[in-house]
Amino acid sequence: MNDIAAPTIEYGQLAPMLLVFGAAVLGVLVEAFAPRYLRRSIHIPLTLAALVGSFALVLVQVFVSGVPTSPAAMGAVAVDGPTLFLWGVIAALAFVSVLLINDEDNFVAQAAAVPGSADEEDAEIAGFSQTEVYPLVLFAVGGMLLFTASNDLLIMFVALEVMSLPLYLLCGLARRRRLLSQEAAVKYFLLGAFSSAFFLFGMAMVYGFAGSVGLSDINAALPNVGGQEPLLVLGTALLGVGLLFKIGAAPFQAWKPDVYQGAPTPITALMASGTLVAAFGALLRVFWVALGNFDWDWRPVMWGVAILTMVAGAILAITQTDIKRMLAYSSIAHAGFLLTGVIATGAAEQNRDALSGILFYLLVYGITTVGAFAIVTMVRDAGGEAGHLSRWAGLGKRSPMLAGVFAFFLLAFAGIPLTSGFFGKYAVFSAAVAGGVLPLVLVGVVSSAIAAFFYVRVIVLMFFSDPAADGPTVVGPSVGTASVVAVAAAATVVLGVFPEPMLDLADKAASALFVR
Amino acid sequence: MELYVPILVLAVLAAGFAIFSVSIAPFTGPKRWNRAKLDAYECGIDPTPQPVGGGRFPLKYMITAMLFIVFDIEIIFLYPWAVAFDKLGLFGLVEMVLFIVTVLVAYAYVWRRKGLDWD
Amino acid sequence: MRTFIALAANPDYPTLEDFGKDPIWISIIKAVGIFVLLMLGVLFGVWFERKLISRMQHRYGPNRAGKFGLLQSVADGLKMALKEDIFPRTVDKVLYFLSPVIIAVPAFLAFSIVPFGPMVTMFGERTPLQLTDLPVAVLLVLALASIGVYGIVLAGWASRSPYAVLGGLRSAAQVVSYEIAMALSFVAVFLVAGTLSTSEIVRAQSVGGTVSLFGMEFSTPSWFVIQLIPSFLIYVICMLGETNRVPFDLPEGEGELVGGFHTEYSSSLKFAMFMLAEYVNIFTVSALAITLFFGGWQAPWPISLWDGANTGYWPFLWFLLKMVIVFSFFVWVRASLPRIRYDQLMAFGWKVLIPLNLGWILLFATFRALRIDEGNRTLIMTMLAFVVLACFLIYMRFDIVAQRRKREQEAEVAAEFEELGNAPEAGGFPVPPLDLPHYHGVQRKEVSSGTH
């Protein structure tokens with residue numbers, strides 16, 4: 001029998017990810033063995049420490065060990081510049097999201113109790129809480145970390161599932177409007193399972209073409225394999241469906257508003273920031289590393305998708321009356337803006353600029369969006385969060401501080417100068433112009449303008465209309481929520497006024513592009 | 001592929017025998033119609049109406065099925081590992097210990113949440 | 001590195017390379033041979049079981065049909081064929097018809113990888129006395145066992161009667177639960193043999209190895225049953241559970257479920273198929289036990305001193321003898337043990353057999369790593385210590401919990417007795433006062449239940 005050489009695994013390079021997974025496993029043990037009243041107080045430090053530790057390990061990797069130049073774990077995982085940057089971003093975003101999750105009253109007391117039943121009431125009176133949330137979040141974050149770093153379609157699929165399955169569950173755990181929440185979870189699960197199947201099918205096709213699932217092997221096979229183009233085209237399309245679903249690009253955006261609306265708001269924040277970042281990391285890897293030399297074939301389709309995403313996101317957002325749905329459509333539009341960067345490939349120099357722009361955009365959009373959702377959690381009425389836009393009327397008169405910060409976040413989404421969103425858009429769009437996709441950028445600018453209209457509409461609503469008599473109350477934020485808002489606002493200001501250091505960092509991260 | 005041909009031969013033989021047996025069963029025996037005989041057997045009482053599609057099953061069967069899948073996958077990892085153990089050496093041992101520990105954590109969780117109890 | 005199994009380069013022992021070379025007519029002969037063997041085996045097995053168990057219960061058992069009642073099974077089979085074939089009104093026609101087939105075919109197929117003997121000369125062709133062998137042979141058996149579960153579930157479901165549905169579900173849950181423990185108990189065998197192919201596993205049991213431990217040479221016995229005794233014991237339990245035999249025959253618990261999943265298959269050849277499949281399954285797990293743990297077709301010790309014991313067609317005889325012994329064990333268990341409760345059955349499978357098995361696998365693998373990797377002694381020793389400690393801690397935990405539960409149960413029972421002693425009607429049942437006159441005495445005449 002042929003000999004099998006024991007593989008090598010670079011544990012050091014994978015440490016940020018392993019730490020998160022290890023903490024998640026520990027969290028499951030806590031769930032299993034710690035008494036109920038202790039669980040929360042063990043979970044919170046554990047979860048936060050894991051995320052901080054992961055961030056610190058990324059820094060150590062960057063500044064002490066140096067950015068690796070070859071993939072780890074037998075070519076299955078690539079820990080390169082973009083990966084490390086995105087790992088840092090995901091760890092930071094997850095950290096602030098966990099601060100939000102930690103807030104009381106967002107999660108159901110007992111997920112297994114039927115909504116509205118006596119069981120549910122008993123569980124609430126007994127003060128139960130579904131503390132499985134914390135390990136689930138850690139698993140999801142671990143999946144995100146692996147998703148951006150996977151250099152192999154099989155690993156990518158595993159990461160996709162590890163990332164998605166906890167999120168499906170978490171979506172169904174909202175404390176209020178539980179039926180909506182469960183509906184969101186089921187929708188997300190069914191559609192997500194479909195998209196995973198598409199991804200898997202595409203993987204099989206590409207494997208049939210290239211004889212390997214390694215991204216660099218697929219790239220190497222592109223010029224060498226002849227006569228199998230239908231397989232490759234089909235496989236690319238199906239892989240694209242799977243990945244575009246995760247970033248919520250049109251025409252696969254339908255899940256986003258429903259899920260964002262139904263899910264507990266802190267989880268929405270995590271999905272809107274972390275998942276988007278991770279999914280773009282994976283999308284870039286598949287389309288740039290594996291299919292980079294196939295771009296003449298996928299680019300036209302991606303053009304259409306990007307235009308459709310931007311336009312659909314911006315126009316449909318106008319018709320929304322729920323704040324979370326509106327933010328969801330805004331997230332779809334932003335995914336479209338980011339896609340223009342993905343399309344703007346060219347020479348190495350051009351790729352570098354586009355990649356750096358995307359990285360920067362992901363960072364600023366992620367932070368701002370977490371901040372915006374943090375504010376959504378604070379505006380409440382009797383039934384929980386006051387989601388309907390009409391309830392937000394006149395909010396600026398009653399709590400000007402909160403409304404002001406929210407208005408600022410919205411302006412950042414719109415990309416007004418002096419906010420971080422401006423530089424994000426600028427970086428991506430300028431790279432896109434240089435990459436010769438001017439028409440796309442024009443569409444992007446137009447839809448930004450449309451989007452700006454509905455952001456400004458909310459601001460007008462908050463500041464220039466009369467407050468409703470029985471308007472929602474603004475709860476005094478807990479320390480966690482307050483610090484999330486503060487951090488997000490500060491980041492949005494600082495990156496909007498003084499973005500150079502972060503842009504430089506993104507440039508450096510992108511300088512060597514992806515390792516193969 | 002030649003290794004599988006004999007299995008096919010035996011399969012044809014066994015399937016032929018089984019189908020033949022169940023097919024001739026109605027012809028070898030007598031036929032005496034009796035209403036009660038054709039009812040579902042419930043110790044003599046009138047049969048419980050059964051919902052179309054089999055109705056609902058207790059959830060615990062599903063939990064058992066899911067746990068079975070988890071452990072079956074573990075076994076699928078264990079078999080090639082066992083066969084190649086001497087070649088993988090220490091690496092194989094360390095990785096498998098980590099893997100089994102991870103599965104055992106989930107197992108402990110299920111156990112503590114009474115997923116293994118059959119009331 | 002792998003010198004401790006010095007396999008004899010004996011041309012009589014087939015390896016994987018010897019398979020797949022038969023002409024098709026040899027395959028057909030072998031397949032027919034296996035088929036006939038199994039059919040005769042079932043006829044003999046039913047008679048043997050009834051005879052043996054009746055002897056254990058001080059009865060004669062069947063003794064009318066033929067000499068010693070040997071033709072009893074044949075008579076039973078004929079009777080079944082001549083009985084009315086009942087097709088109940090409510091059943092799902094297609095599946096009701098098909099499930100006996102689905103359950104019987106995989107049972108037969110599992111025998112295709114059982115090695116009956118060494119290389120033999122069959123009509124001038126040199127061929128192994130085994131239908132075929134695969135690199136994943138044992139996995140094939142497990143896969144076929146899983147397909148058999150479909151037959152059980154579908155039979156229960158198609159019958160559309162509560163007993164059958166419950167019986168089918170229970171049986172499926174039981175079989176899949178014990179399948180895990182069973183599959184885990186094979187892992188240690190594969191660790192030693194380094195293969196999943198049955199012929200090579202038998203080959204690996206042909207020669208005992210030597211172990212050097214603390215500077216001394218020990219020779220290890222060749223049959224895996226000795227060095228892998230924990231695996232074997234777990235396997236023995238699982239094979240009872242996997243075949244739904246006493247003490248794990250809950251799917252057919254007469255008291256609660258009548259006939260279990262085959263309640264509606266009350267007579268005729270359809271029922272015969274279930275019966276057949278059950279016995280063939282017993283033969284399969286017995287053959288697997290022999291192949292994996294008892295040296296397969298190789299002659300046991302005193303006979304093995306004779307040079308020709310492991311050549312030609314002789315090993316077929318040793319194999320059959322071993323089969324008879326293992327089958328007798330099944331009967332012995334049936335005669336001795338009561339049926340256990342369903343929750344105990346599931347708890348035993350999931351909470352005892354699986355962790356035990358995993359712990360044993362890790363322990364064995366660590367010991368084995370100690371022997372192959374000389375360089376990293378300390379690390380392996382650390383692992384070993386870790387594994388042993390973990391096993392010990394888990395055991396302690398179980399022990400503490402078990403003792404606590406026992407104390408609680410005792411306290412509960414004591415409390416209940418006390419309560420009932422103080423107030424007999426407290427249990428919620430109408431209890432006659434303990435001082436009723438007829439409890440003590442003579443006032444009433446005893447009423448007999450009739451003449452015997």
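**Chat about the model**

Modeller: Residues 61-82 of chain B have end C-alpha atoms 31 Å apart, and the span is 100% helix and 0% strand. Helices here are DSSP runs (H or I, at least four residues), strands are E runs of at least two, and both are numbered from the N terminus.

Colleague: Before we go on, what kind of model is it, and how is it numbered?

Modeller: It's a predicted model, where local features need pLDDT of at least 70, side-chain atom pairs count only at pLDDT 80 or more, and totals for chains, interfaces and linings use all residues. Residues are numbered from 1 along each chain as its sequence is written, while chains are lettered from A and ligands numbered from 1 in the order in which they are written.

Colleague: Back to chain B, then. Which residues does the UniProt annotation "transmembrane region" cover?

Modeller: The unreviewed UniProt entry gives 6-27, 61-82 and 88-110 of chain B. Positions are in the numbering used here, feature names are shortened, and annotations may be inferred rather than shown by experiment.

Colleague: And what is the span 88-110 of chain B made of?

Modeller: That span is 100% helix and 0% strand, with its end C-alpha atoms 31 Å apart.

Colleague: Which chains share the most contacts?

Modeller: Chains B and C, out of the two pairs of chains in contact. A contact means C-beta atoms, placed from the backbone, within 7 Å. Chain A and chain C have no contact, and their closest C-alpha atoms lie 10 Å apart.

Colleague: How many residues of chain B are in contact with chain A?

Modeller: 12 of them, meeting nine residues of chain A. The chain B side has seven nonpolar, three polar and two charged residues. Nonpolar there means Ala, Val, Leu, Ile, Met, Phe, Trp, Tyr, Cys and Pro; Asp, Glu, Lys and Arg are charged, and the others, Gly among them, are polar.

Colleague: Switching to helix 14 of chain C: how far does it reach?

Modeller: Helix 14 (residues 377-422) of chain C has 46 residues and reaches 66 Å from first C-alpha to last, close to the 68 Å expected at 1.5 Å a residue. The expected span is 1.5 Å times one less than the number of residues.

Colleague: Which residues of that helix are buried?

Modeller: C:Ile380, C:Met383 and C:Val387. Helix 14 of chain C is hardly covered, with three buried residues among its 46. Buried means 20 or more other C-beta atoms within 10 Å of a residue's own, exposed means 12 or fewer, and partly exposed is in between, with C-beta atoms placed from the backbone.

Colleague: OK, and where is A:Leu513?

Modeller: In the segment after helix 20 (500-511) of chain A. A:Leu513 has a positive phi of about 55 degrees although it is not a glycine. A:Leu513 is partly exposed, with 18 other C-beta atoms within 10 Å.

Colleague: Is C:Arg160 buried or exposed?

Modeller: Buried, because C:Arg160 has 25 C-beta neighbours inside 10 Å. C:Arg160 also has a positive phi of about 55 degrees without being a glycine, and sits in the loop between helix 4 (137-159) and helix 5 (162-193) of chain C.
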